[in-house]
Structures are given as C-alpha cells and as structure tokens.
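Biologist: I am new to this model and would like a close look at one part of it. Please start with how charged side chains pair up, and then go on to what surrounds them.

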There are 2 protein chains.
Amino acid sequence: MERFQISMKEKDSVHVFAPATSANFICGYDVLGLALNEPGDEVYLKRVDKPGIRITKIIGDQGLLPTHPDKNTVSACVKMILDFLGKKNYGIEIELHKKMPIGSGLGSSAASTIAGLFAINRLLGEPMSKKELLPFALKGEELACGHGHADNVAPSLMGGITLIRSYHPLEVINLPVPPELCCSIIFPHVEVQTRAARQILKNKIELTDAVSQWGNIAGLITGLFTEDYNLLSRSLQDKLIEPTRSILIPEFEAMRKIAMECGALGFGISGSGPSVVAFTKGIDTAKTITIKLTELLKDHEIESNGYFSFINTEGATALS
Amino acid sequence: MERFQISMKEKDSVHVFAPATSANFICGYDVLGLALNEPGDEVYLKRVDKPGIRITKIIGDQGLLPTHPDKNTVSACVKMILDFLGKKNYGIEIELHKKMPIGSGLGSSAASTIAGLFAINRLLGEPMSKKELLPFALKGEELACGHGHADNVAPSLMGGITLIRSYHPLEVINLPVPPELCCSIIFPHVEVQTRAARQILKNKIELTDAVSQWGNIAGLITGLFTEDYNLLSRSLQDKLIEPTRSILIPEFEAMRKIAMECGALGFGISGSGPSVVAFTKGIDTAKTITIKLTELLKDHEIESNGYFSFINTEGATALS
C-alpha cells in the first residue's frame with residue numbers, strides 16, 4: 001500500500017451511514033454487487049480521553065451482535081485501522097445503530113464493517129481513500145461471517161454496481177449505473193445463514209450451465225454500458241445457484257410470478273437469501289412489487305420487510 | 001422470421017470474402033468470437049441456365065473438402081437459402097477459393113459457410129439482412145463440424161467482436177472494438193479436430209474456477225467498452241479450457257512466454273486450436289510476435305502459418 005498524507009484535521013466525533021447491498025445481481029455470483037439507498041447501518045464514533053475501544057450502545061440488533069470489542073466487526077475494524085496507522089492509546093466510544101435486518105442477504109455485516117471503517121477514517125481526518133480501505137473491509141467480513149468475500153463490502157463502501165474482477169489480487173471495478181435502474185427487496189422473516197447457504201451449493205457445476213452463465217454476465221455488463229433495459233432483462237437469469245438456494249425461501253416462485261407480471265426486468269435471490277430482489281426500470285414498478293410481495297407473504301402468515309430503491313451511487317457517507 | 005422485401009436486383013455472378021475468426025477470446029469459451037482481416041475464404045457464384053447446384057472448383061483445400069453439393073457447406077448453404085426463399089430450378093455454379101488452413105482453430109468451416117450464405121444472398125439481390133442469415137449459418141456449421149456453435153459464424157458474418165448471449169433463443173450482440181486492438185495468430189501444422197478437442201474437455205468444472213472465469217469475462221467486456229487495455233490484459237486468462245487443450249499444442253508455454261515478453265496483452269488458444277492467438281495494443285507488437293513465434297516453431301522443426309491483424313469490423317464483404 002502506498003504512503004498517504006494526512007490532509008484533513010482529526011475530529012472529536014463522527015456519524016456515518018453505510019448502505020445495505022445486494023450481492024450477485026442474479027447472474028454474477030460472488031463477483032457482482034450493488035448498493036441500496038435504504039436500509040443501512042449508522043455508526044457514531046466519539047473520541048474520549050480514556051484509552052481503548054468500547055462499544056457503548058448497539059440499537060436494533062435484537063441482542064444478536066457481540067459487544068466485546070474484539071468480536072464486533074465495527075470495533076474490530078476501528079482497531080485494525082488504528083493499529084495500521086500506529087495510533088496508540090486512542091480512546092474511542094462506538095454506537096452502532098443497526099437499521100437493517102441481520103442474516104437477511106442484504107449485507108448486514110458488510111454495512112457494519114464499512115460503517116466502522118469509514119467512521120474511524122473520517123475521525124482521523126481521512127488519511128486513506130475508499131479504495132485503500134477495501135482490503136481492511138475484507139478482513140472485517142472474514143471476522144463477521146467466516147469468509148472474506150467482497151461482493152457486499154465493495155458496493156457498501158464505493159456505491160453503485162461493483163465488479164470483483166479478481167480476488168487474488170483484489171481488483172474492484174465500478175460499473176455504470178443506468179439511471180432508471182431500481183430494485184424492490186423483500187426480506188421474509190426466515191433466517192438463512194450465509195455459511196449454511198454456501199454449504200448447500202455444489203462444488204462442481206456443468207460446463208454447459210457455466211457457458212450460459214457467462215453469456216448472461218457478459219450480456220448484463222453490456223446492458224449496463226448501453227443502458228439497454230431489455231438486454232438487462234434477458235440477462236438477469238441464474239440457473240446455477242438459484243435452483244439450490246431458492247428452496248430455503250418461502251413462496252419463491254409465487255413471488256417471481258407476481259414480480260414479473262408487474263414488469264420486473266428480473267427476479268432472484270439477494271446474496272445468499274432469504275431476501276429476494278426484483279430489478280425494475282423506474283421506481284414506481286419497484287414500489288408496486290414491494291407492496292404486492294409483502295402482501296403475498298402476509299397472506300401466507302410470513303412477516304417481512306420490504307424496500308424499494310434506486311441504486312445508491314454514493315456508498316458510505318458522512319451524516320455529520 | 002419477419003417477411004422481407006426484395007429491394008435489389010438479382011445478379012448474374014458474385015465474388016465474396018468471409019474472414020477467418022478466432023473463437024473464445026481466451027476467457028469467453030463458446031460465447032465470444034472475433035473476425036480477422038486475414039486469412040479468409042472467397043466464393044464465386046455464377047447463375048447458369050441448367051438447374052441444380054454444382055461445385056465446379058475448390059482451390060486450396062488440399063483435397064480435404066467434400067465436393068458433393070449436399071455435403072459441402074458452401075453448396076448446402078446455397079441450397080438452404082434457395083429452398084427457404086422458394087426459388088426453384090435455379091442453376092448455380094460455385095467456386096470455393098480456400099485461402100486459409102482447415103482444422104486450424106480459425107473458423108475454417110465457418111468462413112466457407114458464411115461465404116456461401118453471403119454470396120447466394122447477394123446473388124439474389126440481398127433479400128435478407130446479415131442478422132437474418134445467422135440461423136442458417138448455425139445449420140451450415142452443424143453440417144460442417146457436427147455442432148451448431150455460433151462463436152465463429154457470427155463474427156465471420158457480422159465482423160468485430162461478437163457475444164453469443166444465448167443459444168436458445170439465439171441472441172448475438174456486437175461488442176465495441178477498441179481501435180488499437182490487434183492480434184497475432186500462429187497455426188502450427190499439427191491437426192486438432194474440433195470434435196476431438198471438445199471431447200477432451202471435462203463436463204463438470206469447479207464452481208470456484210467458474211467464478212474466476214465470469215469475473216474475467218465481465219472485466220473483458222468492461223475493458224472493451226472503456227478501451228482500457230490494461231484491464232483487457234488482466235482479464236485475458238483462461239484457467240478452465242486451456243490447461244486441458246493446450247497439451248495438444250506444441251511449444252505452447254514457450255510461445256506464451258515469448259508473446260508476453262514482447263508485450264502481448266494476453267495469449268491463449270484460438271478456438272479449439274491448434275492455432276494460438278496473442279492480443280496486442282497496436283499492429284507492430286502483433287507483427288513482432290508473429291515473426292518470433294513462427295521462428296520458434298521453425299527451430300523445433302514445426303511448420304506454421306503466421307498472421308497479424310487488426311480486428312475486422314466488416315465481416316463478410318462483396319469483392320465484386
């Protein structure tokens with residue numbers, strides 16, 4: 001990593017937002033991801049005299065997240081950056097406002113990781129660029145969910161639609177965002193652990209299926225550059241991962257049918273699920289789909305959270 | 001297929017060229033292909049009074065190609081189009097000037113197929129567009145080499161770099177061609193049948209390898225749109241097909257080493273081989289690589305044909 005210069009003053013306190021994300025973009029398993037306008041996590045950092053990193057408050061996690069500073073991804077990320085920059089004996093108090101569901105397939109741990117990294121960098125006067133923070137985000141993800149995949153942390157940090165062209169070495173590319181591209185997201189209240197969702201995948205796939213998949217991913221990238229929504233729609237197919245993972249998601253096919261009838265460009269699993277995502281041209285269609293899918297689940301006595309959003313092109317941002 | 005109108009007059013004779021092509025573009029097995037400026041095939045068609053389709057001459061095939069009108073892909077394609085258009089009792093004489101090696105991995109059968117289709121369409125006053133000819137090209141390929149893959153016929157017909165996003169239904173997309181993109185092609189005189197080369201491939205692949213491959217294909221498409229030659233270079237990798245097929249190609253690793261030392265963006269197998277291809281920024285580098293690789297093979301007593309070329313953006317063209 002290159003050397004950097006501290007160009008801004010350190011602050012006493014910061015308040016930041018890191019958005020939820022939807023990984024895979026249906027046909028880009030493990031390489032594509034995109035950021036949402038909502039939901040997301042907020043982190044407050046406060047500089048205090050007493051050395052050490054403390055989590056003073058976690059709101060909205062229903063008691064699910066660890067509060068020990070070594071085990072919580074926010075505090076662990078704060079510590080990583082302080083250690084890396086040789087900042088000793090800093091006193092930092094952390095509040096995490098978890099404003100999104102955990103274990104949802106919306107990059108919950110990634111949003112916390114990015115909020116922590118972005119906040120400490122801002123508190124220190126932004127000595128590092130967003131790109132320089134990315135390798136630390138991978139380490140934070142590894143701590144939080146046992147693997148260092150970048151398809152949620154990259155879009156949460158950088159915003160927009162991101163391509164992980166390569167993991168070794170890490171190369172992240174920001175793709176163009178067609179201006180009318182929106183999505184509807186539904187999180188049905190059934191929990192699917194990322195780890196479990198990965199484990200049910202087969203290690204080997206048919207070459208012919210892989211060929212279909214890279215035809216689709218090439219079509220998707222082309223559609224993003226040319227703003228061809230019909231091409232995006234034809235490319236938004238996943239015959240590899242979806243057949244296995246969708247069995248964990250209630251009413252998956254019924255939701256797809258409704259979404260497509262409402263005019264969705266494509267429908268599939270968000271990340272490792274159980275959230276589902278429908279991509280649309282325009283926010284009105286996304287809103288309609290969100291309403292109809294939450295109603296469908298309610299009819300089946302399944303609680304859910306519904307969101308609709310343009311693609312968030314900012315990524316992590318400062319709120320104060 | 002939509003109805004068409006005959007807008008140009010029929011001709012008494014035509015002379016056309018269809019270019020050689022390089023399928024796969026290293027990381028796009030079965031979905032990407034591109035057209036070369038040379039070599040290629042030429043076809044002469046002449047309208048005669050005596051009904052029936054006859055091959056009067058084949059030059060340059062070393063006696064390898066069938067001359068029976070039902071078995072040669074040129075005459076079979078001429079017949080297909082006449083039948084489709086309901087043109088009965090036409091008398092057509094065909095000359096095929098085979099100006100490229102057969103079984104080389106340069107789309108030899110595709111060039112003949114496309115030359116035949118393009119020629120008969122032109123002779124009839126161009127009742128069909130290039131896109132409308134494409135499904136017939138797949139049938140011609142099936143006749144010539146036992147499978148209807150479009151990754152050679154599409155670029156030979158349309159020119160440029162083509163993406164087969166889907167085979168069922170067939171969807172071909174023309175991708176942007178960075179203006180300085182060139183390639184060096186070497187055909188070592190060892191024969192590898194497409195059918196045999198396909199058979200040694202494994203039917204199943206590792207999911208992790210597939211993920212690398214679609215990261216690379218997404219990077220490649222992005223590089224084509226942004227004219228980012230460094231990104232193209234990083235993306236031009238094939239860990240799936242090359243390890244198996246390259247064992248059929250003499251001095252493969254030695255050729256790669258020289259090509260990369262000369263400044264190639266990437267090096268790999270052209271189609272199913274045994275031709276190899278190096279992609280370059282600029283024609284001078286392509287020329288240097290072509291010279292050095294043919295010399296290397298000569299040192300190992302292997303005869304070869306060498307070519308260097310910009311990407312051919314025209315595809316099949318009329319010569320008279």
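Modeller: A residue is called buried under 20% relative accessible area, exposed over 50%, and partly exposed in between (1.4 Å probe, protein chains only). This is a predicted model, in which local features need pLDDT of at least 70 and side-chain atom pairs count only at pLDDT 80 or more, while totals for chains, interfaces and linings use all residues. Residues are numbered from 1 along each chain as its sequence is written, chains are lettered from A and ligands numbered from 1 in the order in which they are written, and side-chain values use heavy atoms, with hydrogens and water left out.

Helices (H or I, at least four residues) and strands (E, at least two) are DSSP runs, numbered from the N terminus. In chain A, A:E10, A:R47 and A:K87 are joined into one network by salt bridges that share partners.

Over all chains, the count by this rule comes to 26 salt bridges. One of them is formed by the side chains of A:K204 and B:E206, at 3.5 Å from N to O. This pair joins two chains, because A:K204 lies in strand β8 (residues 204-206) of chain A and B:E206 in strand β8 (residues 204-206) of chain B. A:K204 counts as partly exposed because its relative accessibility is 43%. B:E206, at 31% relative accessibility, also falls in the partly exposed class.

Another salt bridge links the side chains of B:K204 and A:E206, with 3.5 Å from N to O. Here B:K204 lies in strand β8 of chain B and A:E206 in strand β8 of chain A, so two chains are joined by this pair. With 43% relative accessibility, B:K204 counts as partly exposed. A:E206 is partly exposed as well, its relative accessible area being 32%.

Apart from neighbours within four places in sequence, A:R256 is in contact with A:E242 and A:F267, where contact means heavy atoms within 4.5 Å. A:N203 is 53 residues from A:R256 in sequence, and their C-alpha atoms are 26 Å apart in space.

A:F267 leads on to the sheet. In β10(A), A:A278 is the bridge partner of A:F267. Strand β10 (residues 276-281) of chain A is joined to β9(A) by four bridges, and the two run antiparallel; strands are said to pair if DSSP finds at least two bridges between them. These strands belong to an open sheet of four, ordered β9-β10-β7-β11 (chain A), with antiparallel pairing. At its edges are β9 (266-269) and β11 (304-310) of chain A, each of which pairs on one side only. On average, neighbouring strands of this sheet are turned by 20° against each other, direction ignored; axes are lines fitted to C-alpha atoms, for helices over the stretch in contact, and angles run from 0 to 180 degrees between N-to-C directions. Helix α9(A) packs on the sheet, touching β9 and β10 of chain A, and its direction makes about 155° with that of β9(A).

Chain B has an open sheet of four strands in the order β9-β10-β7-β11, again with antiparallel pairing. Its edge strands are β9 (266-269) and β11 (304-310) of chain B, each pairing on one side only. From one strand to the next, the twist averages 20°. Strand β7 (residues 181-188) and strand β10 (residues 276-281) of chain B pair in the antiparallel sense over six bridges. Within that pairing, B:S184 stands opposite B:A278 in β10(B). Helix α9 (residues 252-261) of chain B packs on this sheet, where it touches β9 and β10 of chain B; the angle between its direction and that of β9(B) is about 155°.

How values were computed: Salt bridge = Lys/Arg side-chain N within 4 Å of Asp/Glu carboxyl O.
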